[in-house]
Amino acid sequence: MNQSSWQSDPRLAGMDPEKLNFITAFARQISTLPHEHILPAFMAMQLDASRKHIDFSDQETEALVSILSENMSTAEKKKLETLRLLAKKLTARSS
């Protein structure tokens with residue numbers, strides 16, 4: 001993942017700076033991980049954001065997943081989407 005290219009993505013232009021800082025730190029973290037550790041890192045990131053009271057809208061989440069997973073294989077993207085939907089359901093239940 002080329003860090004500067006995703007940061008200039010127009011879908012992020014209006015995002016809150018606190019959210020962008022959080023995602024930038026996360027992107028830095030996953031850039032050094034082996035592929036098999038990226039999916040668990042996405043889940044951990046979501047929990048960390050929740051603990052820090054950083055909430056991403058559905059539109060922001062869609063953009064972020066699209067941007068940050070651009071170099072993943074199709075199978076990895078499907079796994080990520082499944083995990084994301086599961087986390088969304090779990091979050092809805094606990095609300």
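I took a residue as buried under 20% relative accessible area, exposed over 50%, and partly exposed in between, with a 1.4 Å probe and protein chains only. The model is predicted, so I note that local features need pLDDT of at least 70, side-chain atom pairs count only at pLDDT 80 or more, and totals for chains, interfaces and linings use all residues. Residues are numbered from 1 along each chain as its sequence is written, and side-chain values use heavy atoms, with hydrogens and water left out.

Entry 1, backbone. I looked up His53 and found a positive phi of about 60°, although His53 is not a glycine. Most residues other than glycine have a negative phi. His53 sits in the loop between α3 and α4 (helices are DSSP runs of H or I, at least four residues, numbered from the N terminus). With a relative accessible area of 69%, His53 is exposed.

I counted rings of Phe, Tyr and Trp (its six-membered ring) as paired if their centres lie within 6.5 Å; planes under 30 degrees apart are stacked, over 60 edge-to-face, and the rest tilted. Searching the whole structure gave 1 aromatic pair. Phe22 and Phe56 form this tilted pair, at 6.4 Å centre to centre and 40° between the planes. Because Phe22 lies in helix α2 and Phe56 in the loop between α3 and α4, the pair ties together parts 34 residues apart in sequence. Phe22 is buried, at 10% relative accessibility.

I defined a nonpolar core as buried Ala, Val, Leu, Ile, Met, Phe, Trp, Tyr and Cys residues joined through side-chain atoms within 4.5 Å. The largest one has 22 residues, and among those touching the most other members are Trp6, Phe22 and Phe56. α3 gives the most to this core, with 6 residues.

Conventions:
Helices (H or I, at least four residues) and strands (E, at least two) are DSSP runs, numbered from the N terminus.
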